[in-house]
Amino acid sequence: MSELDPVHEAVERLDWEEAREEETPHSRLRAFSRRTALTGGAAGLVAAMLQACGGNSSNSKTTTTAAAAGTPATGVFGGSSKALKFAFVNHVTTNPFFVPTKYGAEDACKLLGCSYQWTGSENSNVNEMVNATNSAITGGVDGIAVALVDEKAFNAPVDAALKAKIPVVAYNADSKSNARLAYIGQDLFVSGQEMGKRIISLVKSGDVALFIATPGSANIQPRIDGALDSIKKSGGGLKPHTVATGAAVPAELSTIDSYVTGHPNTKGLFAVDAGSTQSIAQVMQKHNLRSKGIKGGGYDLTPVTQKLLAADEIDFTIDQQPYLQGFLPVLQLFMYKQSGSLTGVADVNTGLKFLDKTTVAPYNTTKSRYEGSSTSPGVAKA
């Protein structure tokens, strides 16, 4: 039932009653006065509803940081009217994979009237990330989302944050020894095992290369460990070779290109990170490796990977929904703060979705913030 139904019903009842009376100047004035009062009440009710839902007048602007007294979410979730500030600590701050992650964080902040800072390291320098975490703590942020790419390096900073009543969640990479309140991201080892099974189905025997940007990094090492686990358990004739490519995309491309040139008998090229996967697809295309029966695949979606997958230059890629890895940490941290720690944080597996040349089609025929292919909200045809 609409909130305006009682007003509409009252207007209709008056119409019926007045139709029975003889129309006079006095009756017309009375009817006009009643309708003005009722419709004015309706307008006020609409205004109240819009205010509660975060509606604004036509000359107002919605920004990442809302005015403290006018934060729309306060009317929904209660708690402090303060505009909360969060920090995301990332290991490869300029990597294209995290474009939709930043959009997700930005969109959640617009909905909730808060703001966030994107900080960390451009090249997986753990010390830089730890320093960024400590700076966020001393800066008095209201919550921290951190990619726990090292098993132990972030334990002390996270402990310090929690002691200071600053909630911390992990995203994209996790550490079981860390006291973080929740993890939002893919089950990395299991996803690696599933990729290993896919590799076994594609390549029956021979040498296969497994490329990893930064060996030991907690966001991708579990994947390659999972893949190797499945290959080992298969007892088949595959011979996997692990190759480090580096955190920067140009270096990944040149490393994979050189490896292919120097190892012509390799039967498959596979990767556990976005940059290396994109580079595999580019190298496959450059050397026309598909015509030679070479298999390839990896993780994540960049515009280049999507197009080359659709062109059948590689066999698959795995989507882990990076948008949600930005959106959900903000939502969780916000609700944790507003509820006084009663609710909000929860582990979320953002998925394991294999895409091939057919199922990747919607990613190429639409543009959206969800995959980082557009700055516009929603989904539009490419």
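Predicted model: local features only at pLDDT ≥ 70, side-chain atom pairs only at ≥ 80, totals over all residues.
Now, strand β10 itself. β10 covers residues 316-319. Which way do its side chains go? F316 and I318 point one way, and T317 and D319 point the other way. Are these four residues buried or exposed? All of them are buried.

Next, the neighbours of β10. On one side of the story we have strand β9, residues 295-299. β9 and β10 run parallel, and three bridges join them. What lies in the unit with these two strands? Helix α11, residues 303-310, does. Together β9, α11 and β10 make a β-α-β unit, and the unit is right-handed.

The other neighbour is strand β12, residues 353-355. Three bridges join β12 to β10 as well, but here the strands run antiparallel. Look at I318 in the structure. Its bridge partner in β12 is F354. So much for the strands.

I picked the second largest one.

Which elements supply the lining? Strand β5, at 183-185, gives at least two residues. Helix α7, at 188-202, also gives at least two, and so does strand β11, at 348-349.

Last point: the make-up of that lining. Six residues are nonpolar, four are polar and six are charged.

Definitions and conventions:
Residues numbered from 1 in each chain as written. Heavy atoms only, no water. Buried < 20%, exposed > 50% of the residue type's maximum accessible area, 1.4 Å probe, protein only. Pairing = 2+ DSSP bridges. Right-handed = clockwise from strand over helix to strand, strands pointing away. Nonpolar A, V, L, I, M, F, W, Y, C, P; charged D, E, K, R; others polar.
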